[in-house]
Amino acid sequence: MISVFDLFSIGIGPSSSHTVGPMRAAARFANGLKADGQLAHTARIRSELFGSLGATGHGHGSEAAVLLGLSGESPETVDTDSVDTRVAAIRATGRLTVLGTHDMAYDDRADLVLHRRRSLPSHPNGMTFTAYDTAGSVLRARTYYSVGGGFVVDEAATGADRIKPDDTPVRYPFATGAELLAQATAAGLPVSQIMLANERSWRSEADVRDQLLRIWTVMQECVRHGCETEGTLPGGLRVHRRAAEMHRTLTGEHFATDPLRVMDWVTLFALAVNEENASGGRVVTAPTNGAAGIVPAVLHYYWRFVPGSSDEGVIRFLLTAAAIGVLFKENASISGAEVGCQGEVGSACSMAAGGLAEVLGGTPEQVENAAEIAMEHNLGLTCDPVGGLVQIPCIERNAVASIKAITAARMALRGDGRHHVSLDKVIKTMRETGADMKVKYKETARGGLAVNVIEC
């Protein structure tokens with residue numbers, strides 16, 4: 001089973017697969033050198049990024065992520081304010097300190113290569129790391145794949161989107177929506193309690209609750225910081241940050257009569273998160289960085305505008321959303337480089353809809369229906385970031401999907417949970433649609449808006 005904390009993890013922007021994943025892979029490689037006693041003999045490390053990583057890695061911060069990962073940093077704890085300064089220093093001095101202890105030469109042209117037209121066999125987000133000694137002999141070589149959401153696997157994990165199995169027995173195992181509903185029915189429990197019982201296979205219930213509230217705190221801080229920060233996002237597009245101005249406007253509307261004004265707040269929450277992500281700030285991968293604004297936006301909607309909202313409701317929301325996320329991770333993909341944005345924004349929209357349906361009083365059947373509605377209307381969504389940056393159309397797409405998730409939950413709650421298309425069938429359709437989708441529409445910046453919008 002996959003843990004809720006695999007799907008919701010604290011990291012940095014702008015991309016879980018292109019920033020968080022490469023940082024983790026690079027750190028894993030460096031720690032492997034140290035564990036094998038080879039680090040002291042290492043004179044050079046060559047890092048190569050392939051497929052979607054090579055095509056859009058520059059705009060996604062993949063190069064910086066690799067250098068920081070080799071330096072021993074992790075996405076959860078790296079100082080986001082110092083990233084640019086540290087990377088610039090490595091490039092200016094031509095020196096890289098691996099794991100903070102082993103100093104060696106670094107050549108930006110030869111030691112960090114982005115292959116824009118070459119791919120590795122098992123997944124579009126492939127990368128290789130090779131360490132050499134002073135004589136030029138190979139000390140260690142490894143291939144890794146960043147398969148979405150910050151998950152990293154090595155070459156032993158064949159197939160497009162595999163994670164290393166965790167054979168820890170859980171109380172209520174499930175791999176499909178049908179199995180999840182069957183477990184909930186048999187146990188007489190809501191989806192959140194099924195997921196909580198499974199989480200207790202790894203950690204105490206108190207630990208689960210504390211960590212989920214920590215995730216919620218980071219989400220809140222991300223929204224707050226996004227609502228306070230003005231200026232222009234990094235990259236060649238010079239996209240203006242809108243959240244701060246929108247926050248001032250909404251806060252000043254004391255006597256607004258627009259009945260849909262609450263939706264403007266939801267839009268604001270999503271914009272704030274994704275502007276933070278696009279600027280390389282601290283975000284919660286939910287389940288990816290490209291879709292990081294949807295779950296926080298809908299959860300803020302619950303927290304701010306639903307009477308009776310509470311910490312307990314936040315925990316239930318996140319557990320339910322994670323249970324839905326497990327189904328996408330197990331049966332399809334959350335990687336935009338593999339199945340397009342339907343795997344990122346679509347999955348996040350579905351997760352948020354399911355989470356909201358539960359905390360609004362929905363049955364497990366209504367939760368499954370809400371998740372199905374949300375995903376069904378994201379099918380075929382392409383990933384075509386302009387300039388390879390997680391800005392256009394990504395930021396607004398999160399806002400629109402947040403509204404869609406709320407609509408899906410409300411539609412499901414108006415019914416009794418019975419519907420024609422199951423969540424399992426929609427997930428299967430998403431996977432098959434992704435397989436049929438042309439490569440240029442899967443996070444390569446070579447199709448769609450990426451080629452029809454002139455970069456300024």
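**Figure 1. Helix α12 and what covers it.** Helix α12, which runs over residues 294–305, has 12 residues and reaches 16 Å from its first C-alpha to its last, close to the 16 Å expected at 1.5 Å a residue. The expected span is 1.5 Å times one less than the number of residues in the helix, and helices (H or I, at least four residues) and strands (E, at least two) are DSSP runs numbered from the N terminus. The model is predicted, with local features needing pLDDT of at least 70 and side-chain atom pairs counting only at pLDDT 80 or more, while totals for chains, interfaces and linings use all residues. Residues are numbered from 1 along each chain as its sequence is written, and side-chain values use heavy atoms, with hydrogens and water left out. Nine of the 12 residues of α12 are buried, so the helix is largely enclosed by the rest of the structure; buried means under 20% relative accessible area, exposed over 50%, and partly exposed in between, with a 1.4 Å probe and protein chains only. The buried residues are I294, V295, P296, A297, V298, L299, H300, Y301 and Y302. Their cover includes α9 (205–228), α11 (261–278), α13 (311–331), α15 (345–359) and α17 (394–413).

Figure 2. The bond from G13 to P14 is cis, with omega near 10°, and P14 lies in the loop between β1 (9–12) and α2 (16–35). A cis bond also joins A286 and P287, where omega is about -5°; P287 is found in the loop between β9 (282–285) and α12. As background for this view and the next, most residues other than glycine have a negative phi, and most peptide bonds are trans.

Figure 3. L99 is not a glycine, yet has a positive phi of about 55°, and its place is the loop between β3 (95–98) and β4 (102–105). With a relative accessibility of 18%, L99 counts as buried. E443, likewise not a glycine, has a positive phi of about 60° and lies in the loop between α18 (423–436) and α19 (449–452). The relative accessibility of E443 is 3%, and this residue too counts as buried.

Figure 4. The structure has two cavities of 30 Å³ or more, where a cavity is a set of points, on a 1 Å grid over the protein atoms alone, at which a 1.4 Å probe fits but cannot get out, and lining residues have an atom within 4 Å of a point. Grid points are joined across faces, edges and corners, and a volume is the space filled by probe spheres set on the points. About 150 Å³ of space lies in the largest cavity. Of the 19 residues that line the largest cavity, G290, E344, C383, V390 and C394 are the closest to its centre. Helices α2 and α17 each supply at least two residues of this lining, and the largest share, three residues, comes from α17. By class, the lining of the largest cavity has eight nonpolar, seven polar and four charged residues, where Ala, Val, Leu, Ile, Met, Phe, Trp, Tyr, Cys and Pro count as nonpolar, Asp, Glu, Lys and Arg as charged, and the others, Gly among them, as polar.

**Figure 5. The second largest cavity.** The second largest cavity holds about 40 Å³ of space and is lined by V218, M219, C222, V273, V283, V284, A292 and P296. The elements that give two or more residues to this lining are α9 and β9, with α9 giving the most, three residues. The lining of the second largest cavity divides into eight nonpolar, no polar and no charged residues.

Figure 6. A search of the whole structure finds zero disulfides, a disulfide being a pair of cysteine sulfur atoms within 2.5 Å. C227 is in no disulfide, and the nearest cysteine sulfur, that of C222, is 9.4 Å away; C227 is buried, with a relative accessible area of 10%. The sulfur of C349 is 11 Å from the closest cysteine sulfur, in C341, which is too far for a bond. C349 counts as buried at 0% relative accessibility.

Figure 7. R397 has its place in helix α17 and counts as buried at 18% relative accessibility. The C-alpha atoms of R397 and A291 are separated by 8.4 Å, although these residues are 106 residues apart along the chain. Leaving aside neighbours within four places in sequence, R397 is in contact with C341, V345, L381, T382 and D384, contact meaning heavy atoms within 4.5 Å.

Conventions
1 Å grid on protein atoms, 1.4 Å probe; cavity = no way out; pocket = protein on both sides within 12 Å on 5 of 7 lines; lining within 4 Å.
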